[in-house]
Amino acid sequence: MKKVLIISLSILLFSCNSEVKTENKEIPIREINAVMTDNDRKIDSLIALMSLEEKVAMLHGNSMFTSAGVERLGIPELKMADGPLGIREELHRDSWGPLGLTDDFATFFPAGGGLSATWNPELAKMYGVAIAQEARARNKDVLLAPAINIIRTPLGGRNFEYFSEDPYLCKTITAPYVTGVQSQDVAVCVKHFAVNNQETNRGTVDVLMDERTLREIYLPAFKASIEAGAYTVMGAYNKFRGDYLCENDYMLNGILKGEWGFKGIVISDWAAVHSSVKSLKNGLDVEMGSPLPFESFYLAKPLMDSIAAGKIEEKVIDEKVKRILRVMFAVKSIDPEGRVKGSINTVEHKDLVYKIASESVILLKNSENILPVQTSKIRSIAVIGDNAMRKHAAGGFGAGVKTKNEISPLQGLKNKLPAGVTIHYAQGYKENYTDADNKNSFGRSISNEADPGLVAEAIAAARKSDVAIIFAGSNRTVESEAADRVNIDLPFGQEELIRKVKEANPNTIVVIIAGAPFDLKEVQKYASALVWSWFNGNEAGNALADILLGNVNPSGKLPWTLPKNLMDSPAHATLSFPGAESVTYKEGIFVGYRWFDAKNIEPLYPFGYGLSYTSFDFSDLKTDKQNYGQEESIQVSFSIKNTGITDGKEVAQLYVSHPGSSVEKAAKELKAYKKVFVKSGATVNATIGLPIKELAYYNDIKKEWTVEPGVYTIKIGKSSREIVSEISIEIK
Ligand code: BGC
């Protein structure tokens, strides 16, 4: 327990002072396990006092978001809450209906895409701390987040919740998030374990891939979360190699609890369980679900029947209860002395949301240097688009937040523009769903027809203004849990709107607000400037306005590839999405930019891409040595000069190639990165430590991670397609 206290204290200090520099200290698995197993003897004596009924009651939901405690022994219910974007409003105990309370508002935090687009692990830790403080203020024990599945296809309905197509970026955002949350006496529930990369047929589809792909692409972030001490993990809906993930012996017992030594709880996704004995034996610990009679859950009465029939031994149940109690002790829900009380809807959380949002916005194009908008030189701005007014907190089931004061882009501009600049607002397009074929599985068909009346109003607004800014993209209906999109077209006739507004006003800036790729081929031709923003929390509009007006210099980078065409993307090029009964990930390890590199396909904007209002020059790329042993770390150093007139942050991205490899490898893989602030005209010398073990590939014959000896190329770049310098080293 001592270790936990030390870690918590340093995080608390860190959260009070954003200037403090953190190193994401790796805590060895055995120490985390010691923390988790500290109370095992106490727990064993508690279990000895429990009846079988009491134990089984702890293994399944007794309300929508709790599992039972044992009151007479002072064991409370385990209280869980969605989710990744903020603490969900309170629901009825036995239905998905909201309770309609007035005291369950929460901060809306930027969605996963926004957080990862900051490429800033320190912000991920602060995000974790803040969202967990809100969970504590609402008296929760388990936060059903982070959602970390790899973004395999641009169509994925939950891409906005997830972090990246790249396992390294994903794991380096995940680990500090986990540490941050758990420093506040709240358990994370890392979801959805695993290979849950599509919503189509998610309840039944059997996901198939080779072992190397599983290990190198789909599991690293989960493994990193366990190494960071994650107390709980959520089993996914889908199957993997024939077995549902909530009863998958290989994944749960073999990898998670076996190889990785996970000592916490595997909680099912809601209604993702299909058996009593098999799921328990194969590694599930707690069954959660939809409002059936809770007694009919597989791990309720049917489990009691199986025990009575001698199909499963009580000691298996004891082991599950032990895991639950471990987490309860770790988050101090039993023995709550000194437990974090939490805080919610605070100014600090709002400020953090602003900070994350302002580091997440990506400048995709600014060829005419129209941005930042020179407010001293203009008298009017046309603000166009439904997304200028739309709020994005609600929607997407577990990813919805009931919040107050979400700042829309229009409101943000009103807040930030000087009094002399007039805004002409026009809606431009509106949500429009039809019954055509263009259906997503959520049952809504997205229309691509422009609305002539709204387009005409937008043209008029653009004509009478010095600059036009169109806020387009998607919303929380177009992108949602339970439905993948059917194409990447910009919805609701936005392309036509943008073209016509540009004809009416040559100074047209387009801002896309979305969580996943859209087809911007045409739009990026018309737009004088193109900006990407996200479902970015309460302060989204203020942060965006500050970027557009130049109060903040953009520093976000794409966490995935923005393709020209859907069919350029690996899952689609290999015709291996969505599958019916099963889906084979035919692209193997070549997910995201790895595919575009291998096939020499030019994306519209590559992974890692993002411009700034200033420019940076890299020089003096060096390594501390030329030859390295397997246990060593490469110290990669370089200088970054800010050659423009604006202070700014650049993300130095370090990719590694191994051209002489005996196995097929990606042309380059992200292996480290660092976000560096450089004042205008200044030069910063930066060093990144790159452990040699990061360069391992998974040898599926030997079933181990292997670093092949040989010559490797270290590439430093501003994006995966803009490598500015490279150097070779040798590994013995
Ligand atoms: C989602 C989970 C969520 C759970 C509870 C499921 O449908 O997949 O991410 O935590 O519901 O709302």
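How far does a polar side-chain atom of Arg 88 lie from an oxygen atom of the ligand? The distance is 3.2 Å, a polar contact (a pair of N or O atoms within 3.5 Å). Welcome to this predicted model, in which local features need pLDDT of at least 70, side-chain atom pairs count only at pLDDT 80 or more, and totals for chains, interfaces and linings use all residues. Residues are numbered from 1 along each chain as its sequence is written, and side-chain values use heavy atoms, with hydrogens and water left out.

**Around the ligand**
- The ligand is surrounded by 14 residues, counted when one of their heavy atoms lies within 4 Å.
- Asp 82, Arg 158, His 192, Asp 269 and Glu 481 are the closest of them.
- By type, the shell has seven charged residues (Asp, Glu, Lys and Arg count as charged), six nonpolar and one polar.

**Contacts and cover**
- In the side chain of Asp 82, an N or O atom is 2.4 Å from a ligand oxygen.
- For the side chain of His 192, the corresponding distance to an oxygen atom of the ligand is 2.8 Å.
- On its own the ligand has 310 Å² of accessible area (Shrake-Rupley method, 1.4 Å probe), and the protein covers 97% of that area.

**Cysteines**
- The structure has zero disulfides (pairs of cysteine sulfur atoms within 2.5 Å).
- Cys 170 is in no disulfide, and the nearest cysteine sulfur, in Cys 189, is 15 Å away.
- Cys 189 has its closest cysteine sulfur in Cys 246, at 10 Å, which is too far for a bond.

Note on methods
A polar contact is a pair of N or O atoms within 3.5 Å; within protein, one must be able to donate a hydrogen and the other to accept it, and residues adjacent in sequence count only if both atoms are side-chain atoms.
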